[in-house]
Amino acid sequence: PTQQGMLFHTLDPSAAHLYINQTCVPVEGLDVPAFIAAWDQVVARHEILRTGFWSSSDLREPLQVVYKAAQVSVQIVDWRDRQVDADALQALAQDDCAKGFDMLAAPLTRLTLVHLDEHRHQLIWTSHHILMDGWSNAQLLGEVISHYAGQALPAPLGQFRDYLGWLQQQSSAADEAFWRASLAPVQAPTLLAEALRPPVDGAGMADHQAVLDSTLTTTLSEFARQQKITLNTLLQGAWSVLLQRYTGHPCVVFGATVAGRSAPLPGIEQQLGLFINTLPMISTPAPAQQAAAWLGELQALNLGLRDHEHVPLYDIQGWAGQQGAALFDTLLVFENFPVAEALKQGAPAGLSFGQLHNHERTNYPLTLGIELGSSLRLEFSYDRARFSEAQVAQLSANLQHLLVQLAADPGASLGSLQLLDEPGRRAMLGLSQSRAASTRHHGLVHERIAAQAQATPAALAVLAGSQRLSYGELN
């Protein structure tokens, strides 16, 4: 089902750029022929890497076509005679992304190797997300490095077709009952973009990154361990509170990507394929509830989902009673797959990889990618027609402040959590002391705020909450 959704978007010419994944990394000491041969060996091992997608009006539904043989397309660019900077490499990578893929032509992955000097290359690996999830990407790169180093690998215990066969046997009344019960509190879709003022002349996609320092990362990780929750649950909790404050909805919904590898199949952890699924996370943060107790409930919900995580999102949306409309416009992806480690482990002497950069686009207006390393990295990918740069920066600041408060006092009530830090609150309160506000003592709250034209999205969200309004109603 997840592949079917991605294919639907890819076949739309206006959305063909979505779900094209790209990994860029500098490499030193690379034996190019041996590297290409290693990729071909891995392609021969896994059917999913030799898969194309056939869609036509003659078919009742699209089909996956597995070819007996396929070779990775490799482009070698020789830039040894020129000065190469980061902008030139980025432009080359962007051009490669823009090419897209012929979905029937396997493999839906290709390599560009930029020869920078006698010892250095830039690797640009572009693939369609329809083939593999992030865990599979790490697994594939690990196998490539093993083959490159001359190590023999055992035959895979299974292929992606085994998972597809298992999926086809899973439709049950229990899944529908679970999701109908989970969706019962949802009164309306949670659309964050509609709670904000639309940007003027925004177009295309953009990214906003925030890296939490190592001290705060350690604090959050230790808090999660003490509360017996995952860091993923902690982030989901903070995002739930943020959505509730901005939209004014008691019950909020956002998308979460789940690993999908709970199927009882031999070797599923080592198989390549698209096992992930996007599911709605449904949360009702009660203002009087203690943060620790509520986070524990959210953790239990995540565990309970494992028995029902394979259900297609379009079925869940149909059971929600919202006429099949989208339940959410934000997606959280906790990226715990060790791609960088896969490149380093097993690499023979003389081969080394530099800082890795990933690129991915989904069909959601805002996707928050969360990556845990020595520091916690938050990467917001957003549609500039729906969110402005300032709004996303403010959302990022709000989220970080909520995380700090949750870790500082697990006994705090959810209603006591603030979106704004102290400087932000002072700035908001300063609006009421300005000359324009003081001349209109009897004006309505929203009129006084509008007169300033200085209110930040977070300030308006706080104000809306204090007046029992949604941010959208205030706008």
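The model is a predicted one, in which local features need pLDDT of at least 70 and side-chain atom pairs count only at pLDDT 80 or more, whereas totals for chains, interfaces and linings use all residues. Residues are numbered from 1 along each chain as its sequence is written, and side-chain values use heavy atoms, with hydrogens and water left out.

Taken as a whole, the protein holds 17 helices and 14 strands, these being DSSP runs numbered from the N terminus (H or I with at least four residues for helices, E with at least two for strands). Of its 475 residues, 49% are buried, where buried means under 20% relative accessible area, exposed over 50%, and partly exposed in between, with a 1.4 Å probe and protein chains only. The accessible surface comes to about 22300 Å², and 52% of this belongs to carbon and sulfur atoms; such areas come from the Shrake-Rupley method with a 1.4 Å probe, and for residues only the protein chains shown count as cover. Among contacts (heavy atoms within 4.5 Å) between residues at least 6 apart in sequence, 75% join residues at least 24 apart.

The structure contains 10 aromatic pairs, for which the rings of Phe, Tyr and Trp (its six-membered ring) must have centres within 6.5 Å, with planes under 30 degrees apart counted as stacked, over 60 as edge-to-face and the rest as tilted. One of these pairs joins Phe 160 and Tyr 163, and is tilted, at 5.9 Å centre to centre with 35° between the planes. Both residues belong to helix H5 (residues 160-167), where they stand 3 residues apart, about one turn of the helix. Tyr 163 also pairs with Trp 166, in this case stacked, at 5.9 Å centre to centre with 20° between the planes. Because Tyr 163 and Trp 166 are 3 residues apart in helix H5, about one helical turn separates them. Phe 160 counts as buried because its relative accessible area is 5%, and the values of 4% for Tyr 163 and 15% for Trp 166 make these residues buried too. Elsewhere, ring pairs link Phe 35, Trp 39, Trp 125 and Tyr 148 into a cluster.

Gln 3 lies in helix H1 (residues 2-10), and it counts as buried because its relative accessibility is 9%.

Rings also take part in arrangements with charged side chains, where a charge sits over a ring if NZ of Lys or CZ of Arg is within 6 Å of the ring centre and within 35 degrees of the ring normal. Arg 82 lies over the face of Trp 79, 4.1 Å from the ring centre, and the charged end of Arg 110 sits over the ring of Phe 101, at 4.2 Å from its centre.

Turning to partly exposed residues, Leu 104 lies in the loop between helix H3 (86-98) and strand S5 (109-115), and it counts as partly exposed because its relative accessibility is 33%. Ala 300, in helix H9 (residues 291-304), is likewise partly exposed, because its relative accessibility is 45%. The C-alpha atoms of Ala 300 and Thr 233 are separated by 9.6 Å, although the residues are 67 apart along the chain.
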